[in-house]
Amino acid sequence: MTPTAVLPRPGPLLGAYPLRGPPPPAAWAGWWSRTAAPLPVNRVAAIRAQQARWAALSELEFRAHLRRLRARLARDGFGGAQRVRALGCVAAAAQRALGRNPYDTQLLCAEALLDDHLAEMATGEGKTLAAALAAAVAALAGVPVHVMTANDYLAARDAAQLGLLYGVLGLRTGVVLGSTAPEARRAAYACDLTYATAREIAFDHLRDRVHLQAQGSELQRCAARLAGDAPPPLLLRGLCMAIVDEADSLMIDEATMPLVLAETQDDPGHRAACFQALMLARRLTPGEDLHLDAEQLAVHWTEAGTERLEPLADSLGGAWLNRRHRQDLVGAALVALHGLVPDRHYLVREGRVELLDAVTGRAAPGRVWARGLQTLVELKEGCPVTPPTRTSAQTSYQRFFLGYLRLSGISGTLAECRAELRAVYGRQIVAVPLRRPGLRQLAPPRLFATGQARAEAIPARVQALVAQGRPVLVGVDTVAEAQALSARLNVAGIDHQVLDARHDADEAAVVAMAGQAGTVTVATRMAGRGTDIELGAGVAERGGLHVLCCQDNASARLDRQCIGRAARQGDPGSAEVWHALDASIWQSGGASVGWLQRRKQDAQGVLSVPATVVLAWSQRLQRAHQAQEMQRRRRLLDQDRTWQTRLAFTHLHA
């Protein structure tokens, strides 16, 4: 085995806590390349031949051959002929344990993941089992594998269901949830495979970094062990190999989100200062004293506002006499009062303020705003105040993922961000073909003059589809929009289910019923990702599930995720996208889309614009927005690398 083929696992070569060192600068040169990695389609027949040999073995013979296979994989790695044999073994084990014969496309996807590629596999094509095939092969070679899912529910579900497959292979499966205690976490990470969200693993890695920093250098740790003063064991066994589900969401959309490990600190004056800031903010008038940027959640003071705030704050004395201090804290209070909206940016549930993820629409327990904003929102909503915190360690998903020695991922929507994924992570995209021809029918997009007109038109469209006996999924942006649409459907007498962050506990049950005849489901962007919508009896003959996308997505990927709920696995289905001209993505076009406002409207408020023009303009605006976002992420990444270089002591290695 060559040095480059060293398996990423704890041991003499890589140490007790393997991870990659500081990565080189992103390869932005040539980032526009759209080439895709080839699929090894010629190896499927060889894998199937191996699968047949493994399937013909008795239980005792299977175990004996498995022991020899694991020894070869541990010695030679999982490339070439050994991979073919291992995938054949795992495919046969899936038949034995799960009664499921993996599709050829799932085998191809597993090959791509084992080659450290990112696989684009359409929704409903079996990404969960494909990832399990790859994870099992790596684990058989002795590599600790982290399989990262979208949420705790999927982590628990997949670990339980696929644990049967891993058990047949003699592998141990662990699962880490938000509620998992430290000792149980350590035991889960000690297993051959661990299912968890990326957030849980990233924060556990941060905890390990803090403990390593406290223990000093590797020489000091060795001396402490020899002296019988061994420190408590770490949670992880390093960052050896990760398979990331919904890779585009984490590696692009949330790439630069700061992951901050914090500890509470005693600051009696913090709550009082935030209360005073809210009091001052309520005496100011947006538009006159300040301008609020609702998109960036930033405050721009006017000259009148600056002059008005000064005497109000001076009466409080102390730090309020400092102009910078009062403008910053009162500005944050104004953002809390007027910029952060309940059911759009956060939920108030069981007396707590829970942030809503802007990409997925899910609640994000444990995530808080910084610089006093969390306390300000809690005071605004009359909730108990979260104690202020002090940062112990911090990272981002970009930096965290780049620490893995082997990294691969899978998603249904990767093509649009192929260039950035290659530049930042050095990973190529592999497009896995559909198992069956796609039957999805796309209706022409519509452009409404306002979001209000669009919302008023939805019940009639839904009613017409339900009359045909078809299930309908309506995608909206926020919890508030979901609740408003629910009220409209109730007025129209349309039975429906709502799937949003307020109803996340019922997510699996709601999605499971979303394909039944006449069922109407209103969903935010969470939309049950990772859970199949199975068509009920007679639904396929009526045209299948219809998706009505009323989301104002700034990315074509998010549009594809929504309409991808229909016509899965060769089933019939249809989808259409309804745009609103007053949405932020359309308003970002400025004067270039102003001519659309002068177009005639029909009785429903639909503008008389050809569908081809609507599609072309929406794609143009989305591309422009994504280019801006990519440049923003690029600047943040470059700044982060510079910061890491200057503060090299933050990089800790076991």
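Which side chain meets that of Arg186 in a salt bridge? It is the side chain of Glu183, with 2.6 Å from N to O, where a salt bridge is a side-chain nitrogen of Lys or Arg within 4 Å of a carboxyl oxygen of Asp or Glu.

1. On the basis of the note. This is a predicted model, in which local features need pLDDT of at least 70 and side-chain atom pairs count only at pLDDT 80 or more, while totals for chains, interfaces and linings use all residues. Residues are numbered from 1 along each chain as its sequence is written, and side-chain values use heavy atoms, with hydrogens and water left out.

2. Arg186 counts as buried because its relative accessibility is 19%, whereas Glu183, at 56%, counts as exposed; buried means under 20% relative accessible area, exposed over 50%, and partly exposed in between (1.4 Å probe, protein chains only). Setting aside residues up to four places away in sequence, Arg186 touches Pro233, Leu234 and Leu235, a contact being heavy atoms within 4.5 Å.

3. On the salt bridges in general. The structure holds 29 salt bridges, and a network of them links Arg185, Arg199, Glu200, Asp204 and Arg207.

4. On Asp115 and Arg83. These two residues form a salt bridge whose closest N and O atoms are 2.9 Å apart. Asp115 sits in the loop between helix H4 (104–114) and strand E1 (118–120), and Arg83 in helix H3 (residues 80–98), so the pair ties together parts that are 32 residues apart in sequence. With a relative accessibility of 35%, Asp115 counts as partly exposed, while Arg83, at 5%, counts as buried.

5. On the geometry of helix H17. The 17 residues of this helix (residues 451–467) should span 24 Å at 1.5 Å a residue, and the end C-alpha atoms are 25 Å apart, which agrees; the expected span is 1.5 Å times one less than the number of residues. Just after H17, Gly469 takes a positive phi of about 80 degrees.

6. On the surroundings of helix H17. Its buried residues are Ala453, Arg454, Ala455, Ala457, Ile458, Pro459, Val462 and Leu465, and the elements they pack against include strand E15 (446–448), strand E16 (472–475), helix H18 (479–491) and strand E20 (572–580). There is also a salt bridge between Glu576 and Arg461, the closest N and O atoms being 2.7 Å apart. This pair links distant parts of the chain, with Glu576 in strand E20 and Arg461 in helix H17, 115 residues apart. Glu576 counts as buried at 3% relative accessibility, whereas Arg461, at 23%, counts as partly exposed.

7. On Val299. This residue lies in strand E8 (residues 298–301) and, leaving aside its neighbours within four places in sequence, is in contact with Leu290, His291, Leu292, Gly331, Leu334 and Val335. The C-alpha atoms of Val299 and Asp532, which are 233 residues apart along the chain, are separated by 43 Å.

Terms used
Helices (H or I, at least four residues) and strands (E, at least two) are DSSP runs, numbered from the N terminus.
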